[in-house]
Amino acid sequence: MPERTLTEVEVLNALHLVFSPDMRVDTIFLHSLQPGDVKKAYRVKALHTHPDRFAQQGEELQRVQAERFISLSQAYETLNHFLVISLV
C-alpha cells in the first residue's frame, strides 16, 4: 500500500482541532511535538466532545457532538501519521 502524503494544510488543521484554534504553530513547535503531547491533548478534547456526554441533551446536540468527535479523531490520526513520517 503506498504511503499517504499529508499536506501542510491537513497538518495545521489537525493541530488546531486537537490543540487550540488560536494556537500559533511554527517550525520549532512542529519539531518539538511528541506523540505523548498529541495523545494528552486529544484525550482532554475527546472527553469534552464525546457524544455520550450529551446523551440527555437532545438528539441534535448529540449529533453535532458526534460530528465534532469524529473530526477530532481524524485529526488525531493525521497528527500521528505526521509524527511517524517526521520521526523516520
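**A tour of aromatic pairs and a helix contact**

Searching the whole structure turns up 2 aromatic pairs. Keep in mind as you look around that this is a predicted model.

**First stop: F19 and F29.** Select these two residues and show their side chains. Their rings form an edge-to-face pair, with 5.8 Å from centre to centre and 85° between the planes. Where does each partner lie? F19 is in the loop between α1 (8-18) and α2 (27-32), while F29 is in helix α2, so the pair ties together parts that are 10 residues apart in sequence. F19 has 21% relative accessibility and counts as partly exposed. F29, at 23%, counts as partly exposed too.

**Next stop: Y42 and Y76.** Select this pair and turn the view until you can see both rings. The ring centres of Y42 and Y76 are 4.3 Å apart and the planes are at 20°, so this pair is stacked. Y42 belongs to helix α3 (residues 35-49) and Y76 to helix α4 (residues 59-87), so the pair ties together parts that are 34 residues apart in sequence. Are these two buried or exposed? Y42 counts as buried at 15% relative accessibility, and Y76 counts as buried at 17%.

**Last stop: α1 against α3.** The axes of α1 and α3 come within 9 Å and cross at roughly 55°, which makes α1 oblique to α3. To see the contact, select H16, L17 and V18 in α1, then V38, A41, Y42 and K45 in α3. Colour them by class and you will find 5 nonpolar, 1 polar and 1 charged residues in this contact of α1 with α3.

Methods: Residues are numbered from 1 along each chain as its sequence is written. This is a predicted model: local features need pLDDT of at least 70, side-chain atom pairs count only at pLDDT 80 or more; totals for chains, interfaces and linings use all residues. Side-chain values use heavy atoms; hydrogens and water are left out. Rings of Phe, Tyr and Trp (its six-membered ring) pair if their centres lie within 6.5 Å; planes under 30 degrees apart count as stacked, over 60 as edge-to-face and the rest as tilted. Helices (H or I, at least four residues) and strands (E, at least two) are DSSP runs, numbered from the N terminus. Buried means under 20% relative accessible area, exposed over 50%, partly exposed in between (1.4 Å probe, protein chains only). Axes are lines fitted to C-alpha atoms, for helices over the stretch in contact, and angles run from 0 to 180 degrees between N-to-C directions. Angles under 35 degrees count as roughly parallel, over 145 as roughly antiparallel, 65 to 115 as roughly perpendicular and the rest as oblique. Contact means heavy atoms within 4.5 Å. Ala, Val, Leu, Ile, Met, Phe, Trp, Tyr, Cys and Pro count as nonpolar, Asp, Glu, Lys and Arg as charged, and the others, Gly among them, as polar.
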